[in-house]
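Hi everyone, thanks for coming. Let me put the structure up on the screen, and then we'll walk through it together.

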Amino acid sequence: MSTTIRIFSGIQPTGVKHLGNYIGAIRQYVASQDDGHPFICIVDLHSITVAHDPAELRESTLSVAALLFAAGLDPERSTVFVQSHVSAHPEAAWLLGSVTSFGELRRMTQFKEKADQQEFVSAGLFTYPVLQAADILLYQTDVVPIGEDQRQHVELTRDVAERFNARYGETFRLPRAVFPEVGARIMDLQEPERKMSTTGGTAQGTLLVLDPPEAIRKKLRSAVTDSGRDIVRSPDKAGITNLIEIMSVATDKEPEAIESRYDGEGYGTFKQEVGEAVVSLLEPVQRRYEELRSDEAELRRLIALGAENARAASAPTLEAMYERMGVAKP
Ligand code: AQP
């Protein structure tokens, strides 16, 4: 096996991707191309674990692929693919289901939170972290760039991998989660105590990557802040802390530098300038996205290429899993 660092991360093709996904995840995927080879998986099999519209899922799978390429993932230096195009994922998930305990899955906070939001709690939602473990382990992953909300799932992945290795012999590398230094948890702009989220957030507080510039400015102008005046990060200033982090990422400056730059300025001016910075951050991504969407044949070609690479990369691990578990393959 090559010594290149293997990077893996998944992103759901549901809803429209928001600034939290961009800052916490997509931006890291792009940067990781300098460190190794990222496998970025559009996890459509995860998205069917909650109620969804099939036509919308089909459309947003293409849309998320276009967004990933538009954000800077280069098909020569990374593998962007759709999970359902690589059957090794559900196969490996079934095998790993036998080395994951019911008790472990029951402790997953994301399951508890999402189950509370569903009328019908599917078995798939419960076993979702097993599929996620399969996603990661199939690629002999070293590093998983994610937002803070996924920390527990990667810890579970490590536990499952260690158990499999102990029972059946060394098969998987143990992956390590990495979080961005700034922006691992972008908060809702209207309710800054909760994370920005597709399913659990407010409409005005969720800034979408494809929002037109005017909508971006408006959402940031009306972001909820405290009644104070100081532009500093503090546990009792969730709104301003969030805006400082967003500004830090958008302008590529340390949060401390943002605090000194806006020392003595009012919240109004600050919010307006955060708006301009985010418009400039997203404008090139939005432009490339539109270009790719207008050339669907090219987009489909890139997706097919990703699937081919992912199949080849994951096949040896799946084969080893079957063999070590004593499951006879023809
Ligand atoms: N608010 C956030 N701040 C930083 N990173 C975040 N991520 C999600 N929300 C934030 C990271 O984005 C990556 C892809 O996430 P996903 O598409 O799988 O969606 P998700 O984790 O389910 O998050 P959503 O879109 O907000 O949906 P909800 O909350 O409705 O489930 C992951 O690396 C995630 O950490």
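Let me begin with a term: on a 1 Å grid over the protein atoms alone, a pocket is an open set of points where a 1.4 Å probe fits, with protein on both sides within 12 Å along at least five of seven lines, and lining residues have an atom within 4 Å of a point. Grid points are joined across faces, edges and corners, and a volume is the space filled by probe spheres set on the points.

Please keep in mind that this is a predicted model, where local features need pLDDT of at least 70, side-chain atom pairs count only at pLDDT 80 or more, and totals for chains, interfaces and linings use all residues. Residues are numbered from 1 along each chain as its sequence is written, and side-chain values use heavy atoms, leaving out hydrogens and water.

Now to the second largest pocket, which holds about 330 Å³ of space. Its lining has 13 residues, and Arg27, Val182, Ser248, Val249 and Asp252 lie nearest the centre. Two elements give two or more residues each to that lining, H1 and helix H10 (238-251); helices here are DSSP runs of H or I with at least four residues, strands are runs of E with at least two, and both are numbered from the N terminus. By class, the lining has seven nonpolar, one polar and five charged residues.

Let's stay with Asp252 for a moment. Asp252 sits in the loop between H10 and helix H11 (255-261), and has a positive phi of about 55 degrees although it is not a glycine. Is Asp252 buried or exposed? Asp252 is exposed, at 73% relative accessible area, where exposed means over 50% and buried under 20%, with a 1.4 Å probe and protein chains only.

Gln140 also has a positive phi, near 50 degrees, and is not a glycine either. Gln140 is in the loop between helix H7 (123-137) and strand S4 (143-145), and is buried, with a relative accessible area of 8%.

Finally, the ligand. Of the 23 residues around the ligand, Lys17, Lys114, Asp149, Thr198 and Thr199 come nearest. H1, which spans 19-32, gives the most to this shell, with four residues. A polar side-chain atom of Thr198 lies 2.5 Å from a ligand oxygen, and a polar backbone atom of Met196 is 2.9 Å from a ligand nitrogen. The protein covers 96% of the 640 Å² of accessible area that the ligand has on its own, by the Shrake-Rupley method with a 1.4 Å probe.

Key: Near = heavy atom within 4 Å. Polar contact = N/O pair within 3.5 Å; in protein donor to acceptor, adjacent residues only side chain to side chain. Nonpolar A, V, L, I, M, F, W, Y, C, P; charged D, E, K, R; others polar.
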